[in-house]
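Some labels given to this model deserve a check against their cut-offs. The turns below go through them.

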Amino acid sequence: QVQLVESGGGLVQAGGSLRLSCVASGGTISTYAMGWFRQAPGKEREFVAVVRWSGLLTSYADSVKGRFTISRDNAKNTVYLQMNSLKPEDTANYYCAASIYDADTDYLARTSAYMYWGQGTQVTVSS
């Protein structure tokens with residue numbers, strides 16, 4: 001059973017940056033696709049970014065493309081989300097998730113593709 005713990009959230013002004021981390025325990029994530037999702041109050045959880053197990057293939061939601069970068073360090077069992085040029089609309093609880101499927105990125109944009117989820121870390125962007 002893989003456990004995921006996110007960290008790095010906080011309060012930042014618009015235009016600022018944050019780096020989220022997701023550390024896995026209870027197993028290696030080296031063969032998992034790893035995704036980041038977010039959920040704002042009153043809204044559904046939405047896809048942000050995914051990195052395939054090798055770290056070579058990534059995909060992003062249009063709303064964050066060019067501003068966010070997902071990466072992974074399999075030796076540290078950790079996935080990162082570098083968020084730059086943050087906007088108030090990026091405010092949400094951010095979740096890390098792991099999928100056993102080495103599938104295309106369209107499939108990996110679905111919450112149903114993921115077996116393991118963290119508890120989330122809150123990101124608040126002030127205007």
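Q: Where does Ser85 lie?
A: Ser85 sits in the loop between β8 and β9 (92–99); strands are DSSP runs of E with at least two residues, numbered from the N terminus. This is a predicted model, in which local features need pLDDT of at least 70, side-chain atom pairs count only at pLDDT 80 or more, and totals for chains, interfaces and linings use all residues. Residues are numbered from 1 along each chain as its sequence is written, and side-chain values use heavy atoms, with hydrogens and water left out.

Q: Why is Ser85 called partly exposed?
A: Its relative accessible area is 41%. Buried means under 20%, exposed over 50%, and partly exposed in between (1.4 Å probe, protein chains only), so Ser85 is partly exposed.

Q: What makes the phi of Ser85 worth a remark?
A: Ser85 is not a glycine, yet has a positive phi of about 50°. Most residues other than glycine have a negative phi.

Q: Why is Asn77 called buried?
A: Asn77 has a relative accessible area of 14%, which is under 20%, so the label buried applies. Asn77 belongs to the loop between β7 (68–73) and β8 (78–83), and in this hairpin, with four residues between the strands, Asn77 takes a positive phi near 55°.

Q: How do you know that β7 and β8 pair?
A: Two strands pair if DSSP finds at least two bridges between them. Six bridges join β7 to β8, so they pair, running antiparallel. Thr69 stands opposite Gln82 in β8.

Q: What makes β3 a partner of β8?
A: Strand β3 (residues 18–25) pairs with β8 in the antiparallel sense over six bridges, and Leu20 stands opposite Leu81 in β8.
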